[in-house]
Amino acid sequence: MPLSEQEQRLLDEMERHLMSNDTDVVSAPSRALSYRNIVLGSILVLAGLGALVVGVSIGFTTGVLGIAVGVLGFLLMVGGVVFAVTPTRGSAPAAPRAAKPRTGRASGSSFMDRMNDRWDRRNDQR
């Protein structure tokens with residue numbers, strides 16, 4: 001169901017307010033992943049999966065050797081996932097934008113400012 005014009009305006013205003021006042025959202029570092037790391041990590045995961053299957057099948061006949069190969073396969077899979085999702089060293093996080101300082105709220109204040117005032121008054125009454 002599409003939003004009405006008023007709801008869309010309120011949503012846009014809340015987004016602008018969030019981006020201008022919430023420094024946690026604005027300054028969140030972006031993590032650049034390397035395509036090369038993702039491919040190599042995927043290959044490690046597949047190799048680890050193969051070793052795990054071989055270890056299970058060997059485990060039925062030889063016992064200890066199969067367990068060792070299975071554990072090695074599992075460790076390869078975990079290492080592949082960690083390698084794939086680790087950002088490269090050369091990638092720098094995005095520079096945070098400076099948030100606008102909050103000023104006193106005037107009669108023409110934004111919707112979110114009025115809602116914050118209302119919330120503060122409500123909490124003060126309790």
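Visitor: What makes the nonpolar surface patch of about 550 Å²?

Guide: Tyr35, Val39, Leu40, Ile43, Leu44 and Phe83 make it. Nonpolar side chains (Val, Leu, Ile, Met, Phe, Trp, Tyr) are joined within 5 Å, like charges within 9 Å. Accessible areas are from the Shrake-Rupley method with a 1.4 Å probe, and for residues only the protein chains shown count as cover. The model is predicted: local features need pLDDT of at least 70, side-chain atom pairs count only at pLDDT 80 or more, and totals for chains, interfaces and linings use all residues. Residues are numbered from 1 along each chain as its sequence is written, and side-chain values use heavy atoms, with hydrogens and water left out.

Visitor: Which element supplies the largest share of the nonpolar patch?

Guide: H3 does, with five residues. Isoleucine 43 lies in helix H3. Helices (H or I, at least four residues) and strands (E, at least two) are DSSP runs, numbered from the N terminus. The protein has five helices and zero strands, in the order α-α-α-α-α.

Visitor: Why is asparagine 37 called buried?

Guide: Its relative accessibility is 7%, and buried means under 20% relative accessible area (exposed is over 50%, partly exposed in between; 1.4 Å probe, protein chains only); asparagine 37 therefore counts as buried. Asparagine 37 sits in helix H3, residues 35-59. Beyond its neighbours within four places in sequence, asparagine 37 has contacts (heavy atoms within 4.5 Å) with Phe83, Ala84, Thr86 and Thr88.

Visitor: Why does methionine 112 count as buried?

Guide: Methionine 112 has 19% relative accessibility, so it counts as buried. Methionine 112 belongs to helix H5, where the buried residues are Phe111, Met112 and Asp113. Helix H1 (5-21) is included in what covers them. Methionine 112 and glutamate 15 are 97 residues apart in sequence and 9.8 Å apart in space, C-alpha to C-alpha.

Visitor: What span is expected for helix H5, residues 111-125?

Guide: The expected span is 1.5 Å times one less than the number of residues. Helix H5 has 15 residues, for which 21 Å is expected, and its reach from first C-alpha to last is 21 Å, close to that value.

Visitor: How much of the protein counts as buried?

Guide: Of its 126 residues, 15% do. The protein exposes about 9,800 Å², with 64% supplied by carbon and sulfur atoms.

Methods:
Patch = residues over 30% accessible without salt bridge, like charges linked within 9 Å, V, L, I, M, F, W, Y side chains within 5 Å. Salt bridge = Lys/Arg side-chain N within 4 Å of Asp/Glu carboxyl O.
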